[in-house]
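Hi everyone, thanks for coming. I'd like to walk you through one model today, so please have a look at it first.

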Amino acid sequence: MSLLEKEWYIQVPWGRMCVVAWGDCCNPPVLLCHGLADSATSFRPLIKLMPEKFYFIGIDLPGCGKSDRFPPGLMINIYDLVYAVNAVAKHFRWDAFNLVGHSLGAIIGKLYNLVYPGKLTKLIEIDPINFYAVPPEKFPKWYKRHFVDYYEQYDKLNAPKGKGKVTTVKEAIAVLRKERGFSEDLAVEALKRSAEPAGDGLLRYTDDMRLKYVTTPAFSAEHMKTLFGSTDTQTLIIKAENSYKNGLYRNTGFLLDEKTYPSRNVRVRSVPGDHNVHVTWPRNVAFYMALYLLYGAEGLSSKAKL
């Protein structure tokens with residue numbers, strides 16, 4: 001269905017966050033949380049295939065798209081982004097809502113579900129490749145990646161918005177086509193949220209560079225199993241086949257095993273495509289996502305019509 005799109009800002013403690021909405025606000029809410037170096041509008045191809053029975057709210061995470069950055073100097077933690085999601089939920093006064101997260105957005109959703117128990121009706125994770133268990137022997141590497149590398153690039157990472165990398169439009173489009181599998185049209189749309197004109201036919205990237213070094217918890221594999229297996233929230237994990245084949249799930253493949261979750265509340269489905277499958281091949285994702293939102297786990301095993 002073609003849902004009317006609206007865009008506006010909401011006030012948060014550090015500034016403003018941009019939200020993009022589709023559908024009727026009287027319908028059950030579905031919050032859309034994008035991945036790294038992305039924005040709310042990356043969900044457009046998927047939303048076009050969704051039933052008109054939900055109110056979809058996409059957010060530009062802080063420092064992405066049109067949303068303000070966190071204060072300069074702050075080392076951004078994944079829990080800062082969890083707080084940002086809850087700021088949106090509080091703004092809309094949602095007692096409960098559904099959440100769809102892609103990649104980094106899936107981690108945010110999973111942690112939000114732990115921090116704010118009972119708030120999520122359903123959680124849908126699209127290719128959640130960013131989970132990584134940190135065994136003791138990898139702890140120094142984890143510390144270097146998240147702390148040493150950040151402080152050694154402090155000035156660069158905390159440079160103001162107008163100091164981002166400058167490139168040609170052609171090169172920016174080529175990078176998105178190569179790295180994310182976008183068509184030229186999709187690349188142009190993505191750049192409208194992540195870059196601005198810099199004169200002489202050039203573009204300047206505007207995303208907060210600190211987001212490349214978001215601090216994530218150093219959980220062990222056993223702790224992750226216990227922690228994420230402790231909830232009973234209905235959850236659907238949609239993995240992209242190429243991501244799995246290419247080893248992007250690294251050492252947390254157990255999170256894709258439905259038996260990992262004692263409450264038997266998690267369903268896993270595999271779809272053809274790469275990491276950004278919800279953008280490049282949205283129909284592969286839309287089928288399972290719509291069924292799950294409408295009917296839950298029963299919908300995945302039935303012949304329910306969309």
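Let me begin with a term: buried means under 20% relative accessible area, exposed means over 50%, and partly exposed is in between, with a 1.4 Å probe and protein chains only. What you see is a predicted model, where local features need pLDDT of at least 70, side-chain atom pairs count only at pLDDT 80 or more, and totals for chains, interfaces and linings use all residues. Residues are numbered from 1 along each chain as its sequence is written, and side-chain values use heavy atoms, with hydrogens and water left out.

With that in hand, take Gly162. Gly162 has a relative accessible area of 42%, so it is partly exposed. You'll find Gly162 in the loop between helix 5 (154-157) and strand 7. Helices here are DSSP runs of H or I with at least four residues, strands are runs of E with at least two, and both are numbered from the N terminus. Gly162 and Tyr205 are 43 residues apart along the chain, and their C-alpha atoms are separated by 8.6 Å.

I call two strands paired if DSSP finds at least two bridges between them. Three strands make an open sheet in the order 7-9-8, with antiparallel pairing. Strand 7 (166-168) and strand 8 (195-199) are at the edges with a single partner strand each, so one side of each has no neighbour in the sheet. On average, neighbouring strands of this sheet are turned by 40° against each other, direction ignored. For angles, axes are lines fitted to C-alpha atoms, for helices over the stretch in contact, and the angles run from 0 to 180 degrees between N-to-C directions. Strand 7 and strand 9 (residues 202-205) run antiparallel and are joined by 3 bridges, and Thr168 stands opposite Leu202 in strand 9. Helix 6 (residues 169-180) lies across strand 7 and strand 9, at about 90° to strand 7.

Let's step across it. Strand 3 (residues 29-33) pairs with strand 4 (residues 55-59) in the parallel sense over 5 bridges, and the partner of Pro29 in strand 4 is Tyr55. On to strand 5: 4 bridges join strand 3 to strand 5, again running parallel, with Leu31 opposite Leu99.

Strand 5 and strand 6 run parallel, joined by 5 bridges. Next, strand 6 (residues 120-126) and strand 10 pair in the parallel sense over 5 bridges, and Ile124 stands opposite Leu236 in strand 10. Strand 10 (residues 234-240) has 6 of its 7 residues buried. Strand 10 also pairs with strand 11 (residues 266-271), in the parallel sense over 6 bridges; there, Leu236 has Arg267 as its bridge partner.

What about the cores? By a nonpolar core I mean a set of buried Ala, Val, Leu, Ile, Met, Phe, Trp, Tyr and Cys residues joined through side-chain atoms within 4.5 Å. The largest one has 49 residues, of which Leu31, Ile59 and Ile108 touch the most other members. Helix 2 (residues 78-91) gives the most to this core, with 8 residues. A second, separate core of 28 residues includes Leu236, Val277, Ala286 and Leu291.

Last stop, the helices. Helix 2 and helix 3 (residues 104-115) pack at an angle of about 75°, their axes 9 Å apart. Helix 3 also carries Lys110. Is Lys110 buried or exposed? With 7% relative accessibility, Lys110 counts as buried. Contact here means heavy atoms within 4.5 Å, and, leaving out residues up to four places away in sequence, Lys110 touches Leu123, Glu125, Phe131, Phe228, Ile237 and Tyr261.
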